[in-house]
Amino acid sequence: MKENIILNKSFDFAVKAVRVYQKLTIEKKEFVLSKQLLKSGSSIGANIEEAVGGISRKDFIAKMQIAYKEARETKYWLRLLYATDYLDKTDFESLLSDSEEILKILVSILKTTKND
């Protein structure tokens, strides 16, 4: 079976989001914003997984669009957590870079799929 790069990257990103959530709740006792990051960060891959199993092209596109929106939301929570000193620079830059890469891939997939 052919490797699916966006599935792998989004899964790896979700793992990182879980780890950051664990770190923020244990070390910083931050539960609200970190939960938002956890939800949106793990939702990206879940929606991509649903898209891959979609029943139609329209379903595939709809799920990929949701994944795109979740990735955008995740960037927001990352920026907010960093601006409020909950996230350190290393974690922030790593996660932000990963989310931007995922967004670029999703945009490419959506453009290609819509133009076929």
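Thr25 is found in helix α1, where helices are DSSP runs of H or I with at least four residues, numbered from the N terminus. This is a predicted model, in which local features need pLDDT of at least 70, side-chain atom pairs count only at pLDDT 80 or more, and totals for chains, interfaces and linings use all residues. Residues are numbered from 1 along each chain as its sequence is written, and side-chain values use heavy atoms, with hydrogens and water left out.

- Thr25 counts as buried because its relative accessibility is 12%; buried means under 20% relative accessible area, exposed means over 50%, and partly exposed lies in between (1.4 Å probe, protein chains only).
- Setting aside neighbours within four places in sequence, Thr25 is in contact with Glu30, Phe31 and Ser34, contact meaning heavy atoms within 4.5 Å.
- Helix α1 has 23 residues and reaches 32 Å from its first C-alpha to its last, close to the 33 Å expected at 1.5 Å a residue; the expected span is 1.5 Å times one less than the number of residues.

**Helix α1 against helix α4**

- The axes of α1 (residues 5-27) and α4 (residues 89-115) come within 10 Å and cross at roughly 150°; axes are lines fitted to C-alpha atoms, for helices over the stretch in contact, and angles run from 0 to 180 degrees between N-to-C directions.
- That angle makes α1 roughly antiparallel to α4, since angles over 145 degrees count as roughly antiparallel, under 35 as roughly parallel, 65 to 115 as roughly perpendicular and the rest as oblique.
- On the α1 side, the contact is made by Ile5, Ile6, Lys9, Ser10, Phe13, Lys16, Ala17, Val20 and Lys23.
- On the α4 side, the residues making this contact include Asp91, Leu95, Asp98, Ile102, Ile105 and Ile109.
- By class, the contact of α1 with α4 has ten nonpolar, three polar and six charged residues; Ala, Val, Leu, Ile, Met, Phe, Trp, Tyr, Cys and Pro count as nonpolar, Asp, Glu, Lys and Arg as charged, and the others, Gly among them, as polar.

**Helix α4 and its cover**

- The 27 residues of α4 should span 39 Å at 1.5 Å a residue, and its end C-alpha atoms are 39 Å apart, which agrees.
- Buried in α4 are Phe92, Leu95, Leu96, Ser99, Ile102, Leu103, Leu106, Ile109, Leu110 and Thr113.
- Their cover includes α1, α2 (32-52) and α3 (57-83).

**Helix α2 against helix α3**

- Helices α2 and α3 pack at an angle of about 160°, with their axes 8 Å apart.
- This makes α2 roughly antiparallel to α3.
- The contact of α2 with α3 has 15 nonpolar, seven polar and four charged residues.

**Two loop residues to look at**

- Most residues other than glycine have a negative phi.
- Lys29, in the loop between α1 and α2, has a positive phi of about 55° although it is not a glycine.
- Lys29 is exposed, with a relative accessible area of 57%.
- Asp85, in the loop between α3 and α4, is not a glycine either, yet has a positive phi of about 65°.
- Asp85 is exposed, with a relative accessible area of 60%.
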